[in-house]
Amino acid sequence: LVHNTPAGAAAGGWVRPDAPAATAALDRCGGGVNLDEFTALVRDVVSYQEQQTAAGLATPDRVESAFRRFDTNISGSIDARELAAALPQMGIPGHHVQAAMTKYGQGKQLDRAEFAHLTRDLIAAQQTEAALAAMTAEACRTAFDRFDTDRSGSIDAR
């Protein structure tokens with residue numbers, strides 16, 4: 001079940017999971033999940049869906065356009081100075097430059113593929129943060145109660 005994602009919005013806010021996959025997940029959890037486990041599962045699904053959304057948003061054309069805009073010295077790579085200017089435009093404080101360079105560019109510079117990876121990860125993180133912020137405890141409880149048909153405090157596989 002996913003709340004506040006493009007797919008979720010299209011389905012009235014909640015997306016029904018694949019039944020065999022959901023049953024298999026419940027079996028791995030000992031036959032059922034409680035509210036905390038259900039909430040964690042929903043958060044994981046939201047995170048996964050937002051990663052997929054990010055991959056669609058970070059199209060090769062968009063990434064290339066951003067890369068050209070941020071590669072101000074037209075060197076074919078983005079160095080720390082250029083990334084420091086780019087990150088705030090991407091919604092990330094500039095002081096994260098070194099961490100980003102180390103993770104995505106081995107500490108020196110970012111080529112196009114590394115910049116694309118950084119861009120997808122940033123979009124996914126921002127999308128996930130927004131979706132999870134909109135996911136209220138009350139909405140999770142309501143969804144959980146809908147599936148806890150025997151009111152045992154656990155959603156059972158069968």
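1. The accessible surface of the protein is about 9200 Å², and carbon and sulfur atoms hold 54% of that area. Accessible areas come from the Shrake-Rupley method with a 1.4 Å probe, and for residues only the protein chains shown count as cover. The model is predicted: local features need pLDDT of at least 70, side-chain atom pairs count only at pLDDT 80 or more, and totals for chains, interfaces and linings use all residues. Residues are numbered from 1 along each chain as its sequence is written, and side-chain values use heavy atoms, with hydrogens and water left out.

2. The protein has 8 helices and 4 strands. Helices (H or I, at least four residues) and strands (E, at least two) are DSSP runs, numbered from the N terminus. Read from the N terminus, the order is α-α-β-α-α-β-α-α-β-α-α-β.

3. Of the 158 residues, 35% are buried. Buried stands for under 20% relative accessible area, exposed for over 50%, and partly exposed for values in between (1.4 Å probe, protein chains only). Among the contacts in the protein with a separation of 6 or more, 59% are between residues 24 or more positions apart; a contact is a pair of heavy atoms within 4.5 Å.

4. Helix 7 covers residues 112-134. How far apart are the end C-alpha atoms of helix 7? They are 33 Å apart, which agrees with the 33 Å that its 23 residues should span at 1.5 Å a residue. The expected span is 1.5 Å times one less than the number of residues. At the start of this helix, a side-chain oxygen of D111 comes to within 3.1 Å of the backbone nitrogen of A113.

5. The buried residues of helix 7 include E114, F115, L118, L122, I123 and L132. Which elements do the buried residues of helix 7 pack against? They pack against helix 3 (35-57), helix 4 (60-70), strand 2 (78-79), helix 5 (80-89), helix 6 (97-105) and strand 3 (109-110).

6. T128 lies in helix 7. Is T128 buried or exposed? T128 counts as buried because its relative accessibility is 11%. Apart from neighbours within four places in sequence, T128 is in contact with S47 and E50.

7. The protein has 3 aromatic pairs. Rings of Phe, Tyr and Trp (its six-membered ring) pair if their centres lie within 6.5 Å; planes under 30 degrees apart count as stacked, over 60 as edge-to-face and the rest as tilted. One of the pairs is F38 and F144: the ring centres are 5.6 Å apart and the planes are at 65°, so this pair is edge-to-face. F38 is in helix 3 and F144 in helix 8 (residues 137-147), so the pair ties together parts 106 residues apart in sequence. F38 is buried, at 6% relative accessible area, and F144 is buried as well, at 1%.

8. F67 and F115 form another edge-to-face pair, because their ring centres are 5.7 Å apart and their planes are at 70°. This pair links distant parts of the chain, with F67 in helix 4 and F115 in helix 7, 48 residues apart. Both F67 and F115 are buried. Ring pairs join F67, F70 and F115 into a cluster. The charged end of R69 sits over the ring of F70, 4.7 Å from its centre; the rule for this is NZ of Lys or CZ of Arg within 6 Å of the ring centre and within 35 degrees of the ring normal.

9. S77 lies in the loop between helix 4 and strand 2. S77 is buried, with a relative accessible area of 10%. Not counting residues up to four places away in sequence, S77 touches F67, D71, E82, Q109 and L110. The side chains of S77 and Q109 are joined by a polar contact of 3.2 Å. A polar contact is a pair of N or O atoms within 3.5 Å; within protein, one must be able to donate a hydrogen and the other to accept it, and residues adjacent in sequence count only if both atoms are side-chain atoms.

10. I74 is in the loop between helix 4 and strand 2. Phi of I74 is near 50°, a positive value in a residue other than glycine, and I74 is exposed at 74% relative accessibility. R151, in the loop between helix 8 and strand 4 (155-156), has a positive phi of about 55° although it is not a glycine. R151 is exposed, with a relative accessible area of 56%.
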